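This report covers domains, the chain interface, helix packing, the nonpolar core and some backbone features. The structure comes first.

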Amino acid sequence: MSAPAGMVRRAGVAVAVVGLLALLEIVLRHAINPYIYDILIRIGITIVLAVSLNLINGFTGQFSLGHAGFMAIGGYASGALTYHLGPRWIATLPFPEPVSQIVLFVSALLLGAVLAGAAGLIVGVPSLRLKGDYLAIATLGFGEIIRVMVINLDRMVSVTRPVAERDSYVLIGGAKGLSGVPQYSNFFWVFLAVVGVVLMVRNLVRSALGRACIAVREDEIAAAAMGVDTTRTKVLAFVIGSAWAGLAGGLHGHFIQGLYPNDFTFLQSIDVVVVVVLGGNGSLTGSVVTAALLRIVENVLRTLPGAATVFYLFIVGGAALSWSKSKARRGAFFLKFAVYLIGLTLMLVFMHDWLQSRIAFLRGALYAFILIVLMLNRPQGLLGRHELDFGGLLRRLRRTPPAAA
Amino acid sequence: MLQQLVNGIALGSVYALIALGYTMVYGVLRLINFAHGDIYMLGAFFGYYISRWTGAAQHASLPLTVLVFILSMAAAAAVGFCIERFAYRPLRTLPRIASLITAIGVSLLLEFGGQIVFGPNFKAFPPLISDRPALVIEPATQVPAEVLVPGAPDPATAAAAIVPGHWRCAVGGKEWFRFRAGGDWNLVVSRVQVIILMVSLVLMTALTWIVLRTKMGRAMRAISYDLRAAALMGVTIDSVIAFTFVIGSALAAAAGILDAIYKPTINPLMGVLPGLKAFVAAVLGGIGNIPGAMLGGMLMGLAETSVVALGLSTYRDAIAFSILILILLVRPRGLLGAVSEEKV
């Protein structure tokens, strides 16, 4: 009797989650600033990307730098489906229009996820034989190749068309991008995906496959000796991660109402890697928290006062961190601290206009600077491999830390 | 065809110079120095500002051009030294992923910092080397017109008098020899291309000499073989690694200036793709292997110009990565790389 009871309970939880998300969607859509709503959606998409990459990089210990490529495949596949077949589907499906839209959107997302997963299989089988840096570079290469293919696909396919139609032929838009994708993504769908990916990866990590992943991460040779099929494990993790990246791509395309090759560059892959590494390789809550923090900080950095605030906080925070370390040399410490503060203030006062005119790049530079400083001071990421336990009043729950490799 | 070969070699020399820096750093540290492509960019910008400052931009002369090269290489070497000292050295004992992420961070910092300091726009690089052709092969006209026809030669008749299948080869504007051959032999080799190849060869020879014949080079090879054992034998690891970064950055800066003269525009993001492609070149030749980096760079340059020559220029960035993946799958140690066994 326990199994059906468990299923009933789970179904209840699922219904409650869906209901809560739907309620939040309605409330947030009307109650908060659209700008903040926009940031929330971007946070959600980043979480899906980061958690899925964490399965590959954090739990299985493979270093993928091509997540944007899979995001592109999923995004373009689902975007092209709703763009080209959407109107026809909605007209023919025997449901009221909102229901047809949901059916269309979900099937588009699933198509994107399946295609991205298939691409993950094609990329993963050969390249997961490589290790470390080589795998990173190979996945980077695949990511760039996917982008070049996306740019050239229209021209390749248009060969099958009559000559007169070739120039105006649009399948996925080539270098110009595909604009006019309907906006189906909203808080509900994005955070449903967030709940889905977090639950899936959490449960997966506790399953036999997840244990195998962790064994491969800790020592591939030892894992193979213990009977783990290392290739199958790595490829499966890669395929699952890629499929979720594809789904995130679909959510992204249906949110910004378009798909543009420049959204899926090497920088996008780096961005996801940064979230995973800063949050802690192998920490789900780390990825979630960092995704939110990074998107918020990024938006604060859009204005000069915001950037200045971040910088002041950064200096004060750095001083607070190094305070305990340097009790013996307080004089030098205060001098350094004062020099930083005065230097920053002088810069803000005298170079205000110049900085203001280059604020977009200042944001990127700060992002890179924070990344370097965090890596130098906390290379294991914010949470290492620990998880924040939200149930116990955010008290950090120490799970048995795996022995360092 | 011949023209594409020459263009490919010029591009390949630039890639080879950048690839050397990657391969040396990887050889001693096992670190992909993502910031290397941006050092190349910095080198070009240092060249730009130094040539304006020294007056080489207004009146180029050989001593001034050499001075611009030396100063820019020194400045880039200083940046390379600082990056190693402040970003990579503190992380040397930690897992390599931390260094890799930091390298990516340094690369982003240099790119965005470059856009802040230099401005995001393209800048025209001063013509330090004149772009007069050094060597030209063109269809030969019949015997000079003035000998045949008395009076002023008419350009139209001169052009009409082109003899099919006959070619003249001119060096520095003066005819050197003529020959008969079928096919397309049209060729223009600019002085910039010749100088790119010459400077690259000189620098590569110097580097090979340093690595094979000097005490510092021996220390570099020892570290590359086994860092800990080298340290135990009294090699001063820190200074040798710093030296590696200095040399690699200087070479990248030279490549940056050469490429900037060739193009001739520079911008703060110019280092991203050449950096990645040069890394691919290093992997292709066998990472950690100096002749391999040169070979890989040349092959990469040739592959890219052939793709462009075939009319597939939208694929030119994909070819590098396709080569990379192919080589990683078929022969991961690279064309000239040594086999390394996996230790348990």
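Chain B of this predicted model is divided into domain 1, made of residues 2–129 + 195–330, and domain 2, residues 133–189. The centres of domain 1 of chain B and domain 2 of chain B, taken over C-alpha atoms, are separated by 40 Å.

Contacts between the chains involve 32 residues of chain A and 35 residues of chain B. On the chain A side, the elements giving two or more residues are α5 (132–157), α11 (266–279) and α16 (359–377). Of these, α5(A) provides the largest share, 13 residues. By class, the side of chain A that touches chain B has 25 nonpolar, four polar and three charged residues.

Helix α11(A) also packs within its own chain. Its axis and that of α3(A), residues 67–92, come within 7 Å and cross at roughly 115°. Angles of 65 to 115 degrees count as roughly perpendicular, and α3(A) and α11(A) are therefore roughly perpendicular to each other. On α3(A) the contact is made by His67(A), Ala68(A) and Met71(A), and on α11(A) by Gln268(A), Ser269(A) and Val272(A). The residues of this contact divide into three nonpolar, three polar and no charged.

The largest nonpolar core holds 209 residues. Those that touch the most other members are Val48(A), Ala76(B), Ala254(B), Val280(B) and Leu324(B). Helix α1 of chain B, residues 2–29, gives the most to this core, with 16 residues. Leaving aside neighbours within four places in sequence, Ala76(B) is in contact with Ile39(B), Leu42(B), Gly43(B) and Phe46(B), and also with Ser249(B), Ala250(B), Ala252(B) and Ala253(B).

Some backbone features remain. Most residues other than glycine have a negative phi, and most peptide bonds are trans. The peptide bond from Lys263(B) to Pro264(B) is cis, with omega near -10°. Pro264(B) is placed in the loop between α10 (237–262) and β6 (265–266) of chain B.

Technical notes: Residues are numbered from 1 along each chain as its sequence is written. Chains are lettered from A and ligands numbered from 1 in the order in which they are written. This is a predicted model: local features need pLDDT of at least 70, side-chain atom pairs count only at pLDDT 80 or more; totals for chains, interfaces and linings use all residues. Two residues are in contact if their C-beta atoms, placed from the backbone, lie within 7 Å. Helices (H or I, at least four residues) and strands (E, at least two) are DSSP runs, numbered from the N terminus. Ala, Val, Leu, Ile, Met, Phe, Trp, Tyr, Cys and Pro count as nonpolar, Asp, Glu, Lys and Arg as charged, and the others, Gly among them, as polar. Domain bounds come from an automatic or database domain assignment. Axes are lines fitted to C-alpha atoms, for helices over the stretch in contact, and angles run from 0 to 180 degrees between N-to-C directions. Angles under 35 degrees count as roughly parallel, over 145 as roughly antiparallel, 65 to 115 as roughly perpendicular and the rest as oblique. A nonpolar core is a set of buried Ala, Val, Leu, Ile, Met, Phe, Trp, Tyr and Cys residues joined through C-beta atoms within 7 Å. A residue is buried if 20 or more other C-beta atoms lie within 10 Å of its own, exposed if 12 or fewer, and partly exposed in between; C-beta atoms are placed from the backbone.
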